[in-house]
Each structure stands twice: as C-alpha cells, then as structure tokens.
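Please have a look at the model first, then read on.

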Amino acid sequence: NIGSVFEYEGMKYLLVLDEDDEHFLRIAVPDLLMLTEDNHDVLQEVIHEAAQIVKYSKICIRNESVWILYDHYLNLSEDLRNLLEHIIYTLDHTIFVFKKIVERGDEIERMCESAEYCDDALEAKLQEMFDNLDDEELD
C-alpha cells in the first residue's frame, strides 16, 4: 500500500502513513515532470536551486520523475486541519517555485513563514479526508 491519492485543484496528491511509525505523515506530489536524457542535468540544477528557496518541502527524483515531498512528525495534539492546509500550501508554493525556475520567469519570492492560507474548496476536501479516516489511524 503506497498510500491514498486525492486530487485538489487538478493536482494529484499522495497521502502516505507508515504502519511501522504511527507519527509519520508524508504528502507527496508525484510525477510532476518526467526525466529524459535531454532534461536530466538541467532538472538536477533546478532541483538544487529550488531547494535553496523553499522551506519545509523537498524535491527529489523518484522513478525517473520529479516528486515533491512534505514529511512531518505527527504530534497528536496538533490541529490536523491547519497542518494539512499548511502542507498543501507549502507543496503548492514549491511547485510554483520549481516551475518558475524551469521557465526562468520572474524573480521568485521566498515563502513567508507566517503566511495565512484559507481556501473553502481545500477545507471541504480536508473535511472529506477526515471523515474517511478511521479514528484508529490517528491514534
């Protein structure tokens, strides 16, 4: 079981819980861009440059494609709704930074640590996810 796939605003996310570590949470954006012989070296440079800009997330190559990951140690007293909103926002920002570097577009602003993110569609999707999770999975 590699996890649960969910979609938000046209982007597929992968939610991974580790059976051996109940405190581990990973949300990933898989297969953002496929590697080829022609783009491999350039993408390595883009990943390196983006890693110096983004916070909390990481960009890696997995299965010959670019993935963006957010790993988190779950503290069961955390507000999971706010945590998941932060993770989705962070992954979205990382995608933005990655694409801007690939495109060599406008200058990229660093993500503000205290950024507020409120999105009704995201909240509805998160509520659906919470409704589908067993209470036991969070214990």
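Predicted model: local features only at pLDDT ≥ 70, side-chain atom pairs only at ≥ 80, totals over all residues.

Residues are numbered from 1 along each chain as its sequence is written, and side-chain values use heavy atoms, with hydrogens and water left out.

**Aromatic pair**
- The structure holds 1 aromatic pair.
- The ring centres of Phe-6 and Tyr-13 are 5.3 Å apart with planes at 15°, so this pair is stacked.
- Rings of Phe, Tyr and Trp (its six-membered ring) pair if their centres lie within 6.5 Å; planes under 30 degrees apart count as stacked, over 60 as edge-to-face and the rest as tilted.

**Overall fold**
- The protein has 4 helices and 5 strands, and its pattern along the sequence reads β-β-β-α-β-β-α-α-α.
- These elements are DSSP runs numbered from the N terminus: helices are H or I with at least four residues, and strands are E with at least two.
- Of the 139 residues in the protein, 38% are buried.

**Salt bridges**
- There are 2 salt bridges in the structure, each defined as a side-chain nitrogen of Lys or Arg within 4 Å of a carboxyl oxygen of Asp or Glu.
- One of them joins the side chains of Arg-26 and Asp-71, at 2.5 Å from N to O.
- This pair links distant parts of the chain, with Arg-26 in strand β3 and Asp-71 in strand β5 (residues 65-73), 45 residues apart.
- Asp-71 also forms a salt bridge with Lys-58, where the closest N and O atoms are 3.0 Å apart.
- Since Asp-71 lies in strand β5 and Lys-58 in strand β4 (residues 58-62), the pair ties together parts that are 13 residues apart in sequence.
- Through shared partners, Arg-26, Lys-58 and Asp-71 are joined into one network.
- Arg-26 is buried, because its relative accessible area is 19%.
- Asp-71 is partly exposed at 26%, and Lys-58 is partly exposed at 40%.

**Negative surface patch**
- Asp-18, Glu-19, Asp-20, Asp-21 and Glu-22 form a negative surface patch.
- Patches are made of residues with over 30% relative accessible area and no salt bridge, with like charges joined within 9 Å and nonpolar side chains (Val, Leu, Ile, Met, Phe, Trp, Tyr) within 5 Å.
- Glu-22 sits in strand β3 (residues 21-34) and counts as partly exposed, because its relative accessibility is 48%.

**Loops with positive phi**
- Most residues other than glycine have a negative phi.
- Glu-9 has a positive phi, near 50°, and is found in the loop between β1 (4-8) and β2 (11-18).
- Glu-9 counts as exposed because its relative accessibility is 63%.
- Glu-64 also has a positive phi, near 60°, and its place is the loop between β4 and β5.
- Glu-64 is exposed, with a relative accessible area of 52%.

**A buried position in a helix**
- Thr-90 belongs to helix α2 (residues 80-103).
- Why does Thr-90 count as buried? Its relative accessibility is 0%, which means that Thr-90 counts as buried.
- Thr-90 and Tyr-70 are 20 residues apart in sequence and 8.2 Å apart in space, C-alpha to C-alpha.

Conventions:
Areas by Shrake-Rupley, 256 points an atom, 1.4 Å probe, with all protein chains shown as cover. Lys, Arg positive; Asp, Glu negative; His and termini not counted. Charge placed at Lys NZ, Arg CZ, Asp CG, Glu CD. Buried < 20%, exposed > 50% of the residue type's maximum accessible area, 1.4 Å probe, protein only.
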